Every structure is written in structure tokens, then in C-alpha cells.
Amino acid sequence: MIIRKRLAAGTCVLFAALTMGLAPVGASAADNPDGQPTAAPKVELVLDVSGSMRARDIDGGSRMAAAKQAFNEVLDATPKEVELGIRTLGANYRGEDRKVGCKDTAQLYPVGPLDRTEAKTAVATLSPTGWTPIGPALLKAADDLNGGDGSRRIVLISDGEDTCQPLDPCEVARDIAAKGINLTIDTLGLVPDAKTRDQLSCIAEATGGTYTSVRHTDELTDRVGQLVDRAADPVVNPVAVEGTKECTGAPEIKPGLYSDRETFGEHRFYRVAVAPGQELRASVSVAADRAVNKDYGVLLRAVTEHGREIVRGSEAGDGRTDVISTGLRYPKPEQNDDEADEAAAETVCLQVSNSYSAPASVKTTPGLPVELTVDVVDAPSAASDVAAFGLGRGWWLLGALVLTGFAAGVLWGWISRWRVAVWRTN
């Protein structure tokens, strides 16, 4: 079973591209303004080597044997452009001292260009040993992948819950995501029970990753291989930005994809310059990476520097999805010849607000993940191109459908009356 959780990037870009015609080129430019090649993608495989990995319930063999076989096959197939490393948790300490056991995480193979023979030799030495310090291992893995602008991915394989509370792995994952380092954590549960599944799902959700339940060796091999290959795919990493509570002093952003964090019920402002004859297109996604109350909403407003609303977009949810999105368009008309000398770009303030709430037991920090997509394009050449009641040129299609339906109704009514008349005559 694979549970896919959408990070706001996919939802936000798709929403903007399909609904508003956003070109992803702007986002790419913001992410890599100099046009230089992006850094090599980095992946670290984090393997649980705790004592429970001795269990023999995967295709007649132990969980550890299944993991080793999967690692060997994945190492053979790793794309050459991917820098890969391996970290273990619970691999070295056999004692009963919890304090010591919760520090038992080590880098088995450093992140960098892959030497397949050396990496396989390191994996072959592993033997199920100790505790399950997932939280500490994730913190160390994030440090292992630090630096560079390429995509970064942690693939965590575990068969049990973290045994080092109160360092909650979910909170650790949220803190990692809040740093804005574009790091995704994917989790795989080996023959998981309900508690393990919930914890690993929570870790993945916090960073926009995926959770997969695994019960067979080939499933483990295929899934780890997919995740490593995915790291090599071209991606647009959002640029971290921090909005302000007021338009004055808000960060000025250019076309691109941006990420931020917003606490429950917060308003955040960002500034965008829109010149005469241009159209501002923006969309926002807010993800619930923790338990929240039902009935919530997201509001995106474009306002002037003096607070006058220009246009807005909003969307509401009721708990059936973990990501909610909305968007807006603002075409700024061209100025006539008399105003040409005074033509200047207008500063538009984008306000992002949410009405999320949560039970008292849920931590409000770090804030909820926000992804904001902004593009500025040439404004429509005619007023008819601008959306009218949200339909734009769709009015033509709607009118044609109405007329066609009316004509078909009249024709069908006439035929029905004629058939009834013939029936009565007979």
C-alpha cells in the first residue's frame, strides 16, 4: 500500500499551470537566476538496524536480509549523477542504557559519488543490534545532506516506532521542513503495525514525502529504486521567503515558486511589482502537516499599498484533503499617451491568510507549510480576454451550449407532439 501525500509544490504548480496558464519558466528562473547547472541531487538511505530486524517474516527470510538484498540491487541501478550515502540507526550499541542507545546512529557510507563495491561491502557488515533512534538519525541525516542547491531526499526504512521519546520524529521532520532546505523524507515500513504506520506516515507528510508499507523483498527493492531515481529528475525547488504581518516592509518577490511557514489563523504579506500592460497571476497552497480541526479555509488577496482590495481568491475545506489551494489574476491596463510619462510599476501586496485551527494538544510551531507561485505576464490585449465571472472566453462556449440545448429541446418537443398526434389519429 502506498499513501501519497502531496507537498504543496506539486499542487501549487499544477493549479497555476492548468487553471491560470502559468509558465514554469518563471519559477525556474527564480530558483536558478544565473542559468547555471544545478548541483548534483543527493540521497541518503537511512536503515533501521535495531534488534527487531531479525524477525523472519519477509518471504521466509529476515527483514535485515530483505533490506540488504534491496540495497545491493538499488546500488547497482543508482544513476551516476546521484550522490548517495547510507546512515544506520541502532547498528552498534547492544546494551540496555536508553541514553546511550538513543545516540546510536552512524554514517555507514558518506554522501558523495558512489563507489558501488565499497558501499556493498559496508552494507554486508550490518547485523541487527539495538535501539530505534529515528529522531536523532533524521537530524544527523539532514546535516549529512546540507549544502548545495540540488534536490535532497532521505529514504527511511524502519520496522518499528522510535524508542527515543520525547524526541518526536514527527516534530523533528516538521523542524527540518521549516528550515526551507528543500529536503524530502520518504518512509518505508517493513511489515508495520498501526503505530509504526502512523508515525512513518506523519514523518513523510511533514516534508511532502511518501509512505509505503512493504511486506515483500521485491516491493522494497522497487520502491527504494523509484525514490532514488526520482531524486535525479529535474525539479523546481521553492525559494524560502518570510512574509510580514503588514504590507509595509514585506519582502519583494519576482516571478517564481516560494515557500514559507504560517501559524494557525495568520496573515502574511508579500510585495510584487506590476507594470502597466502586465497581468499578475498568483496561487497559494497551504498544507496541513498535522492534525487539524475540520472546516478551514485559505484566502489570497491582492491589495494596494494603502490596503484597498483589488481582487481575491479563496477556497474552503472540511478535512478530506491535506492541501488546499486558491489563486487570482490581476490585469493592469496600459496607460494612454497622456499618462505615458508617468507610467511606473505598481506595487501590489499579496496577502495570504488561513483559518486553520487545531486541538490544544497539537503544537502550532513550526507553522503550516505555504507555497506561493507568482508570475507576471503580458496583460490580455482585449477586455474580453479578462476573466468575466471566472469564465473568461468560456462565455462563448457556455452561450453555444445554452443555445444548442434550447434548440434541441424545441426540436424534441415538436417531435414528441407530432408522435402523440399520430398516435391519437391511429
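This is a predicted model: local features need pLDDT of at least 70, side-chain atom pairs count only at pLDDT 80 or more; totals for chains, interfaces and linings use all residues.
## Ala-282 in strand β11

Ala-282 is buried, its relative accessible area being 0%, where buried stands for under 20% relative accessible area, exposed for over 50% and partly exposed for what lies in between, with a 1.4 Å probe and protein chains only. Its place is in strand β11, residues 278-287; helices (H or I, at least four residues) and strands (E, at least two) are DSSP runs numbered from the N terminus.

Residues are numbered from 1 along each chain as its sequence is written, and side-chain values use heavy atoms, with hydrogens and water left out.

## The protein as a whole

The secondary structure comprises ten helices and 16 strands, and 48% of the 426 residues count as buried. Taking contact to mean heavy atoms within 4.5 Å, residues 24 or more positions apart make up 76% of the contacts that have a separation of 6 or more. The protein exposes about 21000 Å², of which carbon and sulfur atoms supply 53%; accessible areas come from the Shrake-Rupley method with a 1.4 Å probe, and for residues only the protein chains shown count as cover.

In helix α5, which spans residues 116-124, Ala-119, Ala-122 and Val-123 are buried. Seen down the axis of α5, these buried residues fall within an arc of 100°, so they line one face of the helix; the arc is that of the directions from the helix axis to the C-beta atoms. Their cover includes α3 (63-77), β3 (83-89) and β4 (105-112), while the face turned away from the buried side carries the exposed residues Thr-117 and Ala-124.

The N-terminal end of α5 is capped by Asp-115, which has a side-chain oxygen 3.2 Å from the backbone nitrogen of Thr-117. A polar contact is a pair of N or O atoms within 3.5 Å; within protein, one must be able to donate a hydrogen and the other to accept it, and residues adjacent in sequence count only if both atoms are side-chain atoms.

Arg-290 has its place in the loop between β11 and β12 (296-303) and is buried, at a relative accessible area of 7%. A polar atom of the Arg-290 side chain lies 2.7 Å from the backbone oxygen of Pro-366. Neighbours within four places in sequence aside, the contacts of Arg-290 include Arg-174, Phe-264, Lys-363 and Thr-365.

Glu-171, in helix α7 (residues 169-178), also touches Lys-363 and Thr-365, residues up to four places away in sequence not being counted, and at 14% relative accessibility Glu-171 counts as buried. Asp-318, by contrast, counts as partly exposed at 31%; this residue lies in the loop between β13 (309-317) and β14 (323-331) and, neighbours within four places in sequence aside, is in contact with Lys-294, Asp-295 and Tyr-296.

## A nonpolar surface patch

Leu-411, Trp-414, Trp-418 and Val-422 make a nonpolar surface patch of about 470 Å². Trp-418 lies in helix α10 (residues 394-425) and is exposed, with a relative accessible area of 52%. Patches are made of residues with over 30% relative accessible area and no salt bridge, like charges being joined within 9 Å and nonpolar side chains (Val, Leu, Ile, Met, Phe, Trp, Tyr) within 5 Å; a salt bridge is a side-chain nitrogen of Lys or Arg within 4 Å of a carboxyl oxygen of Asp or Glu.
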